[in-house]
Amino acid sequence: MNKYNYKIIVIVLIVASIWSSCKITKPYTKPATTVTYREPENKDTTNMATMKWSELFTDATLQKLISDGLGANLDLKIAIERINQSTANLKLSKAAFLPSVNGNLSVKESRLAFPQGFGLFDQSTQYDLGITAGWEVDVWGKLKSAKKGAIANLLATDAAKRAIQTQLIANIANSYYELLILDEQLKVLKKTAKNRETDAETIKALFENSIINGVAVVQSEANFYEAELAIPDIEQKITETEHALCVLLAKSPTKIERSSLEQQKLTYDLKIGVSMQLLANRPDVQQAEYNFRTAFEESNVARAYFYPALTISGAAGFSSFGLKDWFTNGGLFGNIAGGLTQPIFNKGINKARLATALSLQKEALYNFELSMLKASEEVSNALSKYDNAALKEGKRKKQLEALFKAVDFNKELLNNSTTNYTDVLTAEQNLLNAQLRGIEDQSQKLHAVVNLYRALGGGWN
C-alpha cells in the first residue's frame, strides 16, 4: 500500500476524532427519590437490614432450614443462571471493541472458452490463503454505551438474585413461624376438646342426679364435637404449610422438624433507619435502578445510529495460479481501507429505534419510582403491624385472666344449680376465641418482624 493510502486513512481518523469531540451520548445520573415512611423518621441511620439473618433468627432449627434453602432453592439457582447469561452478554459487548479477524483458504478453478468457439477452453486454478480484519472505531460512544448497558444489566441480574434471596429467607421464616402458630392453635383446640369432653361427662352425671335437665346434656355433647371438628382443619393447614416449606427447600413433601412458639423471641428493638437507605439496602430497588440505567444506555446507543460509522478493514495473504508461487513477492498481497458510513434512507428506522428506547427509558424510570413507593409502603405496614400487636399484649393477658375466671365461676354456679349450661358454654367459647386471638397477636408480631426485615432489604449481606 502506498503513502497516499496511508494519508487518506490518517485524514479519516483525524476527521473522526474531531467529530467525536461533539458529545452525542449523555452522561448517566441516578434518578431522584423523595419517598418517606409514614412513621416519623428519626435521624438515627442504624438499620436492622444490616444485620445478618442468623443474628435476627436465633432459633437453631430455623437457621438450618434457611441455610438448606439458600443452598437448594430452585428459584435461586435460576437467578444464578441469569447472572451467568448476563456475564456472557457483557463479554460480547467487550468483544465489540476488538477487530474481527477471519482466515480463509480457497481453491478456484475456472474455464474460459475461446472466441468463435472451437471447443477449446483455457483452464486455470487459483489458490488463495489469507486473513481479513475489520474494526469499527467507537467514534460516538455507541459501543461504550452498549458496554455500560451490559454492565448495568449484569448488576440488575445480580440484584434480582439477592432480591430472591431476601424473599426466600422471609418465606422460610414466615412458613416456619406459621407452623409454630398452627401447632399452638392445635394444642389449644385439643386441650379445649379434652375439657369439653370432661364437661360433657360432668353434665351427664348432673342429669342422672336430676340436678339439670336433658337439654344441657345435648348441648355439652354438641360443644365437645364442635371443638373436635376444628382439629382436622388445623392439621390440614399444618400439612399444607409443611409442603409449601418443602418446595422452598427443593425437597419432596415431608414432615418439618421445629421447636415451639413459646421458645421464640417476641420482643425486638426495631431499627428502620431513614427511607433513603432503601436504595442501598433493597435489592429489588437496586434492580429497578440498574434496569433504568440499562434503558438509559440503550437510548444512547439508539442516538448514535444517526451518525456515521467509521470502519477500518484490511486483508493480507497469498494468491497465485500455482502453489509454487505462493510464497513469492508475486503471490503476496495486502490492503487496508478506512471509510465512513452515513445513514441516508434509513432515518425513519433510526427515529423509531430512538423513540422506542426513550419510551422504554421512561417506563424503567416509572418502575424504579414505583419500587421505591412499594418499599416504603411495606416498611410502614410492617412497622405498624408490630406496634399494634405489641399494644394488644397487655390487654389480651388481662382479658384471658378474666375469661378463665368467668368459666370457673359459671361451672361452680352450674354445680350449685344457680345457672344453666348456656352461660357455661358462652364463657368457654369466649375463652377459646380469646386464646386463639392471643396466638394470632404473637403471629402478627413474628410475621411483622420478618416482613420488616425483608422490606428494609435485610438478608442478602
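In what order do the elements of the protein run from the N terminus on? The order is α-α-α-α-β-β-α-α-α-α-β-β-α-α.

**Figure 1. Overview of the predicted model.** The secondary structure of the protein consists of 10 helices and 4 strands. Of its 461 residues, 40% count as buried. Among contacts with a separation of 6 or more, 82% are accounted for by residues 24 or more positions apart.

**Figure 2. Packing of helix α5 (residues 142-208) with helix α6 (residues 214-248).** The axes of the two helices lie 8 Å apart and form an angle of about 165°. Since angles over 145 degrees count as roughly antiparallel, α5 and α6 are therefore roughly antiparallel to each other. The crossing in which α5 passes α6 is left-handed. Residues of this contact comprise 20 nonpolar, 8 polar and 12 charged.

**Figure 3. The largest nonpolar core, with 61 residues.** The members that touch the most other members are F57, I172, Y177 and L452. At least two residues of this core are supplied by each of α2 (53-56), α3 (60-72), α5, α6, α7 (278-281), α8 (283-304), α9 (347-415) and α10 (421-455). Helix α5 contributes the largest share, 15 residues.

Figure 4. Leaving aside residues up to four places away in sequence, I172 touches L62, L65, I66, G69, L245, L248 and L249.

Notes:
Residues numbered from 1 in each chain as written. Predicted model: local features only at pLDDT ≥ 70, side-chain atom pairs only at ≥ 80, totals over all residues. Heavy atoms only, no water. Axes fitted to C-alpha atoms, helices over the stretch in contact; angles between N-to-C directions. Parallel < 35°, antiparallel > 145°, perpendicular 65-115°, else oblique. Left-handed = near helix turned anticlockwise from the far one by under 90°. Nonpolar A, V, L, I, M, F, W, Y, C, P; charged D, E, K, R; others polar. Core = buried A, V, L, I, M, F, W, Y, C linked by side-chain atoms within 4.5 Å. Buried < 20%, exposed > 50% of the residue type's maximum accessible area, 1.4 Å probe, protein only. Contact = heavy atoms within 4.5 Å.
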